[in-house]
Amino acid sequence: MKKKIGDQNVLYPTPVTVVAALVNGKVNFINVAHVGIVNAQAPHLISLGMNKAHHTNIGIRENGTFSVNVFSIDKMAEVDYVGLVSGSKTDKSAVFETFFGELKTAPIIRDCPLSMECRLHDTYETKTHDLFIGEITATYADESVLTGGKVDLAKVRPLLFDMSSRKYWSLGTPVGDCWGAGKNLIK
Ligand SMILES: Cc1cc2nc3c(=O)[nH]c(=O)nc-3n(C[C@H](O)[C@H](O)[C@H](O)COP(=O)(O)O)c2cc1C
């Protein structure tokens, strides 16, 4: 029997990302697990749910640019660290090495397999959070995570987040084809 467990959000796991932005001219990093995909066609839009109290929000608003970086499980400690301390009090600019792409003001992390350079498309506000909608203007992939030019999740080994257990998780194995597993049920 199904039991009611309150009003919990059970949309986990989510990928753990590190969002990088320039805040008052200095690189800052924040751990953001509440990320979403708005659409799968160009322009590619993604969303970030970020508490208004965070230092990074200032830079995203200031420049209208940021990057969203996907990490492998081996960088768990560094990724966790940038989610434990705020750039308002602690200089996190040296935690990861960065470079700048076409947007000029979005720091992009070198030491992770996948990065998306984004232009701020829109901001929705709730009482507590900024929901930043970013348009991906360029995606960077380490060659070591590509198979036949495509991102290979088995090689990325993305770090995943679960609120219920408050643990980082790793990925399992593929279990079936999307747009395929249900084909036999079509009448
Ligand atoms: C695993 C993990 C996931 C997090 N996910 C989010 C998130 O999705 N949204 C958010 O607003 N804060 C999130 N945080 C909290 C921020 O990363 C944290 O408060 C950070 O220190 C803020 O940095 P800043 O003030 O330099 O921007 C998360 C923290 C951790 C450790």
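1. Strand 2 and strand 6. In this predicted model, strand 2 (17-23) and strand 6 (residues 65-70) run antiparallel and are joined by four bridges. One point of this pairing can be located by eye: V18 has N69 as its bridge partner in strand 6.

2. Strand 2 and strand 3. Strand 2 also runs antiparallel to strand 3, and seven bridges join the two. Within this pairing, A21 has N28 of strand 3 as its bridge partner. The two strands form a hairpin, with two residues between them.

3. How many residues of strand 2 are buried? Seven of the seven are buried, so strand 2 is largely enclosed by the rest of the structure.

4. The turn at N24. N24 is placed in the loop between strand 2 and strand 3, and this residue belongs to the turn of the hairpin. The phi angle of N24 is near 50°, which is a positive value in a residue other than glycine. For background, most residues other than glycine have a negative phi, and most peptide bonds are trans. Is N24 buried or exposed? N24 has a relative accessible area of 60% and is exposed, because the value is over the 50% cut-off for that class.

5. W179 is not a glycine, yet its phi is positive, at about 55°. This residue lies in the segment after strand 14 (167-169). W179 counts as exposed, because its relative accessibility is 84%.

6. Two cis peptide bonds. Y12 and P13 are joined by a cis peptide bond with an omega of about 5°. P13 is found in the segment before strand 1 (14-15). The peptide bond from A42 to P43 is also cis, and its omega is near -5°. P43 lies in the loop between strand 4 (35-37) and strand 5.

7. Strand 13 (residues 160-162) pairs with strand 14 in the antiparallel sense over three bridges. In this pairing, L160 stands opposite W169 of strand 14.

8. The shell around the ligand. The ligand is surrounded by 22 residues, and the closest are N31, N51, T56, S86 and G87. By class, the shell has nine nonpolar, 11 polar and two charged residues. Which element gives the largest share of the shell? Strand 3 does, with four residues.

9. The side chain of S86 has an N or O atom 2.6 Å from an oxygen atom of the ligand. A backbone N or O atom of V85 lies 2.8 Å from an oxygen atom of the ligand. A polar backbone atom of H34 is likewise 2.8 Å from an oxygen atom of the ligand. On its own, the ligand has 650 Å² of accessible area, of which the protein covers 85%. The elements that give two or more residues to the shell are strand 3 (26-32), strand 5 (45-51) and helix 1 (55-63).

10. K92 lies in the loop between helix 2 (76-81) and strand 7 (98-100). Is this lysine buried or exposed? K92 counts as buried, because its relative accessibility is 3%, and the class requires a value under 20%. Leaving aside residues up to four places away in sequence, K92 touches N28, F29, Y81, V82, V85, S86 and G87. Among these contacts, N28 is the bridge partner of A21, while S86 and G87 are among the residues closest to the ligand. By contrast, K92 and M163 are 71 residues apart along the chain, and their C-alpha atoms are separated by 24 Å.

Terms used:
Residues are numbered from 1 along each chain as its sequence is written. This is a predicted model: local features need pLDDT of at least 70, side-chain atom pairs count only at pLDDT 80 or more; totals for chains, interfaces and linings use all residues. Side-chain values use heavy atoms; hydrogens and water are left out. A residue is near a molecule or strand if one of its heavy atoms lies within 4 Å of it. A polar contact is a pair of N or O atoms within 3.5 Å; within protein, one must be able to donate a hydrogen and the other to accept it, and residues adjacent in sequence count only if both atoms are side-chain atoms. Accessible areas come from the Shrake-Rupley method with a 1.4 Å probe; for residues, only the protein chains shown count as cover. Ala, Val, Leu, Ile, Met, Phe, Trp, Tyr, Cys and Pro count as nonpolar, Asp, Glu, Lys and Arg as charged, and the others, Gly among them, as polar. Buried means under 20% relative accessible area, exposed over 50%, partly exposed in between (1.4 Å probe, protein chains only). Contact means heavy atoms within 4.5 Å. Two strands pair if DSSP finds at least two bridges between them.
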